[in-house]
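Keep the sequence handy as we go.

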Amino acid sequence: MCGIVGYIGKKEKKNIILNGLKELEYRGYDSAGMAIIIGNEMSYYKAVGKLENLANKMKECQYHGDGVAIGHTRWATHGKPTEINAHPHLGEYSFVIHNGIIENYKELKDELEASGVKFLSQTDTEVIVHLFEEYNKNAKTPFEAYKKTISRLKGAYATLLVTKAAPDEIFFAKNAAPLIIARDGDEIYLSSSDSPLIGLAKEAIYLEDGSYGVAKLGNLTIFDENNQEIKPNFTELPKDKGYALKDGYRFFMEKEIYEQSQVIAECLMGRLSDDDLNLDIDISLFNDIDEVVLCACGTSYHAALAASYLLERLAKIRANVVVASEFRYKEPFLNPNSLFIVISQSGETADTLEALKIAKNANLKTLAICNVDNSSIVRMAKEVLLTRAGIEKGVASTKAFATQMICLWMLSLKLAKIRHTIDDKTLENEIKTLRNIPSVVNFDKSLQEKIYRKAKHYVHGHGFFFIGRDIFYPLALEGALKLKEISYLHAEGYPAGEMKHGPIALADEGLYTIALLPQTILYDKTKSNVEELAARDAFITTISPLEFELSDDFIKINSHSHPMSEFFEIMVVLQLFALEISIRLGNDVDMPRNLAKSVTVE
Ligand code: M6R
């Protein structure tokens with residue numbers, strides 16, 4: 001995810017910005033840039049790749065004296081990771097940097113182009129700087145123009161703008177993306193995270209959504225979402241950088257579980273209208289196909305498996321799912337009318353990449369659902385749908401899985417619309433449900449505390465069966481994978497109906513059954529499978545909105561009318577369950593033994 005740093009003061013600016021951006025490297029990025037204004041002099045630099053590339057371009061420069069500087073690391077979402085698409089974006093006399101997604105950028109861009117503005121980049125961000133300069137033509141002050149600009153933006157943004165029209169000021173705004181302002185005497189620092197600020201300042205303001213304002217040396221003016229000026233409320237900055245890098249969480253995995261609401265919102269942004277989906281992929285990809293093949297490894301494979309239910313149910317198309325390492329060597333029959341979809345967080349998984357090569361060489365249509373733009377898989381696939389989860393640090397995948405599921409659900413709906421297999425009312429309801437998923441995965445700390453307390457009962461015992469039906473079967477596989485990866489306890493996922501075909505032989509009081517018991521799909525069928533296990537004295541844990549009298553342990557979820565809402569809420573419970581057991585066992589949650597984040601060898 002992108003990173004933002006800003007500074008107002010006398011100190012040398014290049015190094016302050018570069019050092020700040022360095023602190024944000026952990027968030028992942030593919031290009032970087034900075035802009036500096038001192039008096040009448042404006043300079044800017046951009047580079048693709050690592051921060052060293054930007055530092056090399058600026059090797060000879062030093063920027064001392066009163067002035068302003070802004071810097072950015074970009075994680076591509078709209079447009080490729082190129083120098084032109086890197087921030088800052090420039091107008092004639094102003095620069096802007098931005099994290100998030102401007103949902104209505106197309107509408108704003110059309111409007112600006114109609115009045116003669118020329119755009120350089122493919123990004124959504126560039127509209128901000130042009131809109132500002134357009135409004136500034138008639139505004140009383142540059143800040144008035146900025147205020148008007150911000151009022152036109154829809155979506156998520158943490159953004160800074162500097163302009164020659166007000167050379168000693170930084171304009172800032174925040175909505176659904178973090179922005180922090182710190183001060184040290186008269187000097188002001190801005191950042192998207194605590195870590196660049198630690199050591200430079202002692203106190204900071206964590207801006208609220210909808211707030212915006214203007215900073216200058218020794219002066220800070222902030223307005224709230226109702227345009228009321230508010231008194232800056234500074235609090236002490238944390239002192240520990242490690243803690244700050246994880247936004248105060250103990251583990252990256254934990255932070256990433258909490259981040260899911262935000263990244264799902266980003267994943268949806270700009271892609272939904274009330275009755276259609278805009279996935280920014282060439283829809284000729286869907287012409288004349290009679291099958292979808294989904295290919296992936298690990299967690300991404302579980303997303304593929306869950307998606308096969310959605311594709312068949314919604315788009316009425318055959319959906320085959322293959323593990324990439326198997327597909328490579330099975331001499332697969334390749335149907336020329338199939339769409340070959342690979343799913344990968346990293347975009348570098350060797351088996352998935354090889355499978356994609358095979359599909360490409362056979363001239364199949366290919367689509368990658370991936371989190372990392374410009375990765376090998378993204379470069380190779382014909383079309384791409386980016387999951388926008390931001391960098392995922394924890395080896396155990398969480399937010400990447402959540403956004404893969406969102407992309408695959410959106411894709412199923414798009415295909416259903418194109419193939420006329422969904423009526424308007426159902427589509428509208430699906431889209432409404434999708435929009436609500438960020439709140440479904442948003443959970444209260446008390447849920448984590450409750451699961452922490454329960455976790456102590458599970459650290460002994462000889463194994464776990466996670467069981468579910470329909471889309472909850474792949475989710476059961478994912479719950480078991482999460483647990484085994486970080487707790488090293490034996491865990492397997494099964495279709496609930498399969499138990500009596502063999503696995504039930506293992507049932508006894510030392511075997512934990514984690515039953516995914518949603519209300520909206522096959523409740524009675526799954527329940528009777530669980531009863532069969534209970535009759536053999538297995539320890540039963542149910543995750544359900546409905547109380548189940550035979551449960552030895554019960555985690556209640558909210559009642560939902562749509563299976564996908566239940567899916568996402570149970571997903572969070574399973575992630576926390578694995579996390580808390582692993583913590584109880586004293587394991588390294590983020591770097592479990594024997595595992596690598598990106599498996600680039602077969
Ligand atoms: O980067 P990818 O999605 O292609 O990675 C696939 C698997 O290696 C990955 O999902 C792995 O199973 C994770 N450790 C799951 O938590």
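Two strands pair if DSSP finds at least two bridges between them. Helices (H or I, at least four residues) and strands (E, at least two) are DSSP runs, numbered from the N terminus. This is a predicted model, where local features need pLDDT of at least 70, side-chain atom pairs count only at pLDDT 80 or more, and totals for chains, interfaces and linings use all residues. Residues are numbered from 1 along each chain as its sequence is written, and side-chain values use heavy atoms, with hydrogens and water left out.

Let's begin with strand S23, residues 511–516. S23 and strand S24 (residues 539–544) run parallel, joined by five bridges. Within that pairing, Tyr512 has Phe539 of S24 as its bridge partner. Strand S21 (residues 463–468) also pairs with S23 in the parallel sense, again over five bridges, and here Tyr512 is the bridge partner of Phe464. As background, strands of a sheet pair through backbone hydrogen bonds, either parallel or antiparallel.

How much of S23 is buried? Six of its six residues are, so the strand is largely enclosed by the rest of the structure. Buried here means under 20% relative accessible area, with exposed over 50% and partly exposed in between (1.4 Å probe, protein chains only). Leu511, Thr513 and Ala515 point one way from the strand, while Tyr512, Ile514 and Leu516 point the other way, and all are buried.

Now for some antiparallel pairing. An open sheet of seven strands runs in the order S5-S6-S7-S8-S12-S13-S14. Its edges are strand S5 (89–90) and strand S14 (229–230), each of which pairs on one side only. Further in, S6 and strand S7 (residues 155–163) are joined in the antiparallel sense by nine bridges, and Phe95 sits opposite Val162 in S7. While you're at S6 (residues 94–102), look for Asn99. Asn99 is buried, with a relative accessible area of 5%. Its side chain reaches the backbone oxygen of Cys2 at 3.2 Å, which is a polar contact (a pair of N or O atoms within 3.5 Å; within protein, one must be able to donate a hydrogen and the other to accept it, and residues adjacent in sequence count only if both atoms are side-chain atoms).

Next comes the ligand. What surrounds it? There are 14 residues, and the closest are Ser300, Ser344, Gln345, Thr349 and Glu485; to count as near, a residue needs a heavy atom within 4 Å. A polar side-chain atom of Ser300 is 2.6 Å from a ligand oxygen atom. On the nitrogen side, a ligand nitrogen atom lies 2.5 Å from an N or O atom in the side chain of Glu485, and a ligand nitrogen atom is 3.1 Å from a polar backbone atom of Val395. Taken alone the ligand exposes 410 Å², and the protein buries 91% of that (areas by the Shrake-Rupley method with a 1.4 Å probe; for residues, only the protein chains shown count as cover). Helix H9 (298–315) and helix H16 (472–487) are the elements that give two or more residues to this shell. H9 supplies the largest share, three residues.

Last stop: helix H13, residues 399–418. Its 20 residues reach 29 Å from first C-alpha to last, close to the 28 Å expected at 1.5 Å a residue (the expected span is 1.5 Å times one less than the number of residues). H13 is mostly covered, with 18 of its 20 residues buried. After the helix comes His420, whose phi is positive, near 55°.
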